[in-house]
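I opened this entry to look up how the chain is built and how two of its parts pack together. My notes follow in the order in which I looked things up.

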Amino acid sequence: MNVLDFVNAFFSDSAHWHGYDGIPQRFWEHLQYSLLALAVAAAIGLPVGLLTGHTGRGGNALAFIANAARALPSFGLLVLAVLLIGFGLLPVMIPLVVLAIPPILVTTYEAVRSVDPAPVDAARGMGMRESRILFRVEVPVALPLVLSGLRSAAIQIVSTATIAAYVSLGGLGRYIIDGLYQRDYEKVVGGATLVAVLALATLAVFWAVGRLAVSPGVRRR
């Protein structure tokens with residue numbers, strides 16, 4: 001059988017569409033893990049990136065932290081977290097959040113720093129507070145790059161959240177891990193296909209958000 005035969009067999013089997021191990025349930029679990037990790041990473045990365053980008057301070061430190069975080073293996077972090085904390089959702093969130101923070105942090109910093117200084121200086125000359133300059137002048141212009149950082153982080157999380165199955169949690173990785181253990185390659189290929197579909201859907205969502213949130217004038221730049 002080739003890959004397409006495995007995919008067709010997996011999705012045409014009605015047993016894969018019902019119950020606790022059905023595609024809707026595993027898809028929802030994977031989406032929950034991904035959204036939670038992205039929300040935590042954004043809550044950390046966005047404020048720090050905006051603040052450092054606005055002030056222009058700490059760029060070298062951010063680059064060092066981001067490069068160090070990218071060098072950490074997600075599976076190794078998962079194993080270490082399980083050894084220190086035990087099984088559960090928290091050990092899964094740690095490597096996913098660590099994976100997602102660098103693209104959000106660095107891209108947000110670079111996005112704010114790349115804003116044309118002329119309107120920023122004009123806003124200061126008008127007496128605007130620094131917080132209003134950041135959110136009224138810099139963020140609207142920097143938004144496309146900020147969204148690209150969030151998009152990159154989301155894709156990495158969706159692709160890596162399969163590691164949750166290693167610690168007996170659910171998600172689409174359950175099909176891959178169980179399929180490898182059972183030598184059921186139909187299940188392995190089906191699970192990998194679902195992860196790819198979710199990644200493509202994530203790209204589509206961020207494209208739509210960009211069309212709605214970014215002003216046409218900024219998009220044309």
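I began with the convention for axes, which are lines fitted to C-alpha atoms, for helices over the stretch in contact, with angles running from 0 to 180 degrees between N-to-C directions. I noted that this is a predicted model, in which local features need pLDDT of at least 70 and side-chain atom pairs count only at pLDDT 80 or more, while totals for chains, interfaces and linings use all residues. Residues are numbered from 1 along each chain as its sequence is written, and side-chain values use heavy atoms, with hydrogens and water left out.

I looked up the secondary structure and found 10 helices and zero strands, where helices are DSSP runs (H or I, at least four residues) and strands are E runs of at least two, numbered from the N terminus.

I then turned to helix H1 (residues 3-12) and helix H9 (residues 185-213), whose axes come within 8 Å and cross at roughly 85°. H1 is therefore roughly perpendicular to H9, a term that covers angles of 65 to 115 degrees. Among the residues in contact (heavy atoms within 4.5 Å) I listed Phe6, Phe10 and Phe11 of H1, and Tyr185, Val189 and Leu194 of H9.

For the whole chain, I noted that the C-alpha trace spans about 65 × 40 × 25 Å along its principal axes. Of the 221 residues, 44% count as buried, meaning under 20% relative accessible area with a 1.4 Å probe, protein chains only. Among contacts between residues at least 6 apart in sequence, 75% join residues at least 24 apart.

Conventions:
Buried < 20%, exposed > 50% of the residue type's maximum accessible area, 1.4 Å probe, protein only. Parallel < 35°, antiparallel > 145°, perpendicular 65-115°, else oblique.
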